[in-house]
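The exercises below are meant to be worked through with the sequence and the 3D structure in view. Try each task before reading its solution.

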Amino acid sequence: MHLFLIIALLVIVSAIYSYINARWLKLPGTIGIMTLAIAGSVLTIIVDRLNPKIADKLTILATNINFSTTVLNIMLGFLLFASAFNLDTRKLKREMRSVFVLSTLGVIVSTAIFGTLLYWVTGLIDIKIPYIYCLLFGALISPTDPVAVGAIIKGSKLPNNLETIISGESLFNDGIGLVLFITLLEITQSGTDNIDFAKAALLFVQEVFGGIAMGAVTGFIAFRLMKSINDFQTIVLVSLSLVMFNSLAATLLHLSIPLAVVTAGLFAGGRSINIDNKDHSHQALEKFWTLIDEMLNTMLFVMIGLQMVNFPFIQNYWITGIIGIVILLGARWLSIMLPLTFLRRSLNVNYSSINILTWAGLRGGISIALALALPASNYRHFILAGTYFIVIFSIIVQGLTLNRVINASYRENEKD
């Protein structure tokens, strides 16, 4: 299908779903759009069984979008930059210890716990999945999704410190999760006996610290360039080129795109580019990136829902999907509880916040994109279907009930 036609159809469908949700459903934007997209995919699957010729036309959009490439190589950079650019860096600095621990140690602990529990539980129900594939599943599903998190917590009743921690964690843990995913994927392809741990450690350092360094340098340069001019059109072009340059350079230099783009966004947006008090360029630029963020968010969640058309096997994995949801929630809870227990003095988090942090750790399009990027194997469908169940539950169920969990947690605190 022609690229322009794909983009046009995606924008049209996104607009229709957004209007239906705003006019009648009145659900929080992300949740309503995701629900409508899933309902549309289910309807398409039903029509396919009744009249395949009609369904062929309905599935054109879903089957012609390379979801993994579109999300990871095109949309992710813009979405992460928009979130980082609009994040309050002063609040982030106050919560940086908590953000750092959760986005690094938390992801690694969650991956290990999820993989181990999944291997044990699937063994009990006589489903044979190699341990390394269980860990691989854990690596792609453990990082919280900044797009889903940012879209949901906007309308939540989260305290300011927890909102900053959750937002900051979701921005940084994708870089760690991606590196961990790539490392484990290489192990599955080469075998545990052939893995070079020194090379893997060097790759980790290169991806993480190289991405942060490049983002810091380019973000600072872009900030100085934008601050030196008054022309808003040029300022917007500089910010757009900053995202594109970091995405391209990180790909060529084998650095972490998420960490490079997030760091660049924090450096570029952390201080005002206004030359004097009468100039409102920074505020206008924030509104521009907020608009980009919301538009891409809408299209991303439409794409997530449409992907269900491509999963005819999903009905065979609903039991393991439910198991994955329960195990992930447990792994998320433990990955917060354990660091808090041993590093309590360093973290600005108390035990009463664990349930909120667990429930607010949403998964989204990045996890699905990574699952779709898996090479063909006997376990690809298992991981892909499980990921899709977890993402649907995360966005719709956790998203709709987050405020109730917050209220319940505070009521318990008042009783204590």
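A residue counts as buried when its relative accessible area is under 20%, as exposed when it is over 50%, and as partly exposed in between, with a 1.4 Å probe and protein chains only. The model is predicted, so that local features need pLDDT of at least 70 and side-chain atom pairs count only at pLDDT 80 or more, while totals for chains, interfaces and linings use all residues. Residues are numbered from 1 along each chain as its sequence is written, and side-chain values use heavy atoms, with hydrogens and water left out.

**Exercise 1. Decide whether Thr144 is buried or exposed, and find its polar partner.**

Step 1: Thr144 is located in the loop between helix H9 (131–141) and helix H10 (146–153), where helices are DSSP runs of H or I with at least four residues, numbered from the N terminus.
Step 2: The relative accessible area of Thr144 is 1%, and therefore this residue is buried.
Step 3: The side chains of Thr144 and Asn173 are joined by a polar contact of 2.9 Å; such a contact is a pair of N or O atoms within 3.5 Å, of which, within protein, one must be able to donate a hydrogen and the other to accept it, and residues adjacent in sequence count only if both atoms are side-chain atoms.
Step 4: Leaving aside residues up to four places away in sequence, Thr144 touches residues including Val149, Asp174, Arg332 and Leu362, a contact being heavy atoms within 4.5 Å.

**Exercise 2. Explain why H10 is described as largely enclosed by the rest of the structure.**

Step 1: The buried residues of H10 are Pro146, Val147, Ala148, Val149, Ala151, Ile152 and Ile153.
Step 2: Because seven of the eight residues of H10 are buried, the helix is largely enclosed by the rest of the structure.

**Exercise 3. Describe how H8 and H11 are placed relative to each other.**

Step 1: The axes of helix H8 (residues 105–124) and helix H11 (residues 160–190) come within 9 Å and cross at roughly 40°; axes are lines fitted to C-alpha atoms, for helices over the stretch in contact, and angles run from 0 to 180 degrees between N-to-C directions.
Step 2: H8 and H11 are therefore oblique to each other, since angles under 35 degrees count as roughly parallel, over 145 as roughly antiparallel, 65 to 115 as roughly perpendicular and the rest as oblique.
Step 3: Val107, Ile108 and Thr111 of H8 make the contact with Asn173, Gly177, Leu180 and Leu184 of H11.

Terms used: Helices (H or I, at least four residues) and strands (E, at least two) are DSSP runs, numbered from the N terminus.
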